[in-house]
Amino acid sequence: MNSGQKIKMGIGLFGLAGPLYLVPNHFPTYEPFELPLTLLDRMVPLLPASIYVYLSEYFLIFSAYFLVRDPAITARYLRAMLCLLLVSALVFVLFPTTYPRHLYPLPDGLDPATRFFFELQRFADTPNNCFPSLHVGTVLMAALSLRENRRWFGIYLVWALLISISTLTTKQHYVWDVFGGATLALTLDWYFLRRQSLPVRVVAQQK
């Protein structure tokens with residue numbers, strides 16, 4: 001896979017992600033239902049400034065994708081991410097959930113820039129499509145794709161964890177959404193990125 005093919009496949013995958021998320025987000029098949037707020041959900045405060053961490057998801061995913069140099073890992077990553085999108089979209093359609101964002105209005109006196117980005121996010125993304133958190137699933141999957149890169153893996157993993165926490169502090173997701181997104185990402189990472197690479201590693205060790 002050359003760089004041109006990689007760019008085209010990346011654009012195709014990320015272009016597909018938009019409709020898979022936004023269609024059920026704005027046009028749910030059934031009436032979305034609220035999940036019960038856990039004690040942790042209630043304890044975590046709304047932190048408006050964390051919207052910048054939340055929005056950094058897109059920079060993490062794109063940069064991680066182009067930091068992966070091994071064509072075999074790139075191919076497995078693309079298959080894993082596609083499966084993550086399809087499974088999440090299926091859940092969004094069949095079991096639509098929503099978050100009670102109306103309980104967390106933005107505070108008065110918020111600086112204009114933060115208010116702008118927060119309101120833009122809430123306008124573009126309705127409170128639906130909560131479980132599983134696609135935000136958490138995609139950033140964790142992207143970070144894990146760099147496990148062979150000692151220079152960047154730790155940085156991206158911490159970054160992904162911070163973004164996962166920001167889904168709670170921006171009041172976009174329930175705690176269960178975070179666990180759901182992380183579980184799905186770890187399962188698909190094991191199947192596509194780790195399990196399928198075992199024969200290659202065994203052969204390499206034998207040589």
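This is a predicted model: local features need pLDDT of at least 70, side-chain atom pairs count only at pLDDT 80 or more; totals for chains, interfaces and linings use all residues.
Buried here stands for under 20% relative accessible area, exposed for over 50%, and partly exposed for values in between, with a 1.4 Å probe and protein chains only. Apart from neighbours within four places in sequence, Ile 61 is in contact (heavy atoms within 4.5 Å) with Phe 14, Tyr 77, Thr 138, Val 139 and Ala 142. In soluble globular proteins, nonpolar side chains tend to be buried together.

Residues are numbered from 1 along each chain as its sequence is written. Local features need pLDDT of at least 70 and side-chain atom pairs count only at pLDDT 80 or more, whereas totals for chains, interfaces and linings use all residues, and side-chain values use heavy atoms, with hydrogens and water left out.

Helices α7 and α8 pack at an angle of about 175°, their axes lying 8 Å apart, where axes are lines fitted to C-alpha atoms over the stretch in contact and angles run from 0 to 180 degrees between N-to-C directions. The two helices are therefore roughly antiparallel to each other, a term for angles over 145 degrees. Among the residues making this contact are Val 139 and Leu 140 of α7 and Tyr 156 and Ile 163 of α8.

Two salt bridges were counted, each defined as a side-chain nitrogen of Lys or Arg within 4 Å of a carboxyl oxygen of Asp or Glu. One joins Arg 147 and Asp 189 at 2.7 Å, N to O, and links distant parts of the chain, with Arg 147 in the loop between α7 (134-144) and α8 (153-169) and Asp 189 in helix α9 (residues 175-194), 42 residues apart. Arg 147 is partly exposed at 22% relative accessibility, whereas Asp 189 is buried at 3%. In the other, Glu 119 meets Arg 115 at 3.5 Å, N to O; because these residues are four apart in helix α6 (residues 112-124), about one helical turn separates them.

Methods
Angles under 35 degrees count as roughly parallel, over 145 as roughly antiparallel, 65 to 115 as roughly perpendicular and the rest as oblique.
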